[in-house]
Amino acid sequence: MSSSLNILCIDSSTEACSVALATNDTTTHHFMLAPREHTQKILPTVNDVVKQANLTLADIDVIAYGQGPGSFTGVRIGISIAQGLAYGLEKKMVGVSTLQAMAQQALVNNPNCQSVYAAIDARMGEVYFAQYINQHDVMTLQEKEVVIKPEALIEQYQTQGLSIESKSTLVGTGWAAYPELLAYFEVCQQTEILYPDAQFMLTAAAQLIADNQAVNPESATPVYLRDTVTWKKLPGRE
């Protein structure tokens, strides 16, 4: 990734928690598994990463964040902290897909990677799923990201006659969580990439910034995919 901007990226959308900072010539980052500890871990990690890069928060140009899909609480924590920093620093923001981040990591690990199927365990018997393909060294979404039951996804591939590209790579927690899905995509290559990592969001973030997609903090939005299904209104509430 090449950018003259200092881009800070924060992600807490899954059990993992990560922070990355891209400067003109280096990337400083930290990744950890910290389920239920995101609130306590994120800001100290931001401060550590900025200090390691020999910068201050005032030197940050744009703040990127993992926009989801992922844990409702985790996504909210990440975007809230990113928004707070952006408001305080008067900086713009860009959101990056958690599925895209894992696909980008697969490409970084294997420059010959051309296609990635990403699946995160969404609980409730479902996965967040999408396919990404390599376009000019940026993993680019095909069709759309969905939340879907594994059996419904398999049926969709069968009824629509969709082919699975045998040289594709699998990333995310969804494959181990639903063995029937893994069995259907068995011609693909498995990886150890299970969670999104902020450092692999920086390429997409830089591209979004270059395309003038950065927004003011109040316009930064999360991606839940199933928010209208899961989060039902309480009785008497609007």
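## Backbone geometry

Pro 69 lies in the loop between strand S4 (62–68) and H2, where helices (H or I, at least four residues) and strands (E, at least two) are DSSP runs, numbered from the N terminus. The peptide bond that joins Gly 68 and Pro 69 is cis, with omega at about 5 degrees. The model is a predicted one, in which local features need pLDDT of at least 70 and side-chain atom pairs count only at pLDDT 80 or more, while totals for chains, interfaces and linings use all residues. Residues are numbered from 1 along each chain as its sequence is written, and side-chain values use heavy atoms, with hydrogens and water left out.

Most residues other than glycine have a negative phi, and most peptide bonds are trans. Asn 54, in the loop between H1 and S4, has a positive phi of about 60 degrees although it is not a glycine. Asn 54 is exposed, with a relative accessible area of 71% (buried means under 20% relative accessible area, exposed over 50%, partly exposed in between, with a 1.4 Å probe and protein chains only). Asn 212, found in the loop between helix H7 (202–210) and helix H8 (227–230), has a positive phi near 60 degrees, and Asn 212 is exposed at a relative accessible area of 67%.

## The largest pocket

A pocket is, on a 1 Å grid over the protein atoms alone, an open set of points where a 1.4 Å probe fits, with protein on both sides within 12 Å along at least five of seven lines, and lining residues have an atom within 4 Å of a point. Grid points are joined across faces, edges and corners, and a volume is the space filled by probe spheres set on the points.

The largest pocket has a volume of about 510 Å³. Its lining comprises 29 residues, of which Ser 13, Thr 14, Gly 70, Ser 71 and Phe 72 are the closest to the centre. Helix H1 (38–52), helix H2 (72–89) and strand S6 (115–121) are the elements that give two or more residues to this lining, and H2 gives the most, with 4 residues. By class, the lining of the largest pocket holds 11 nonpolar, 12 polar and 6 charged residues (Ala, Val, Leu, Ile, Met, Phe, Trp, Tyr, Cys and Pro count as nonpolar, Asp, Glu, Lys and Arg as charged, and the others, Gly among them, as polar).
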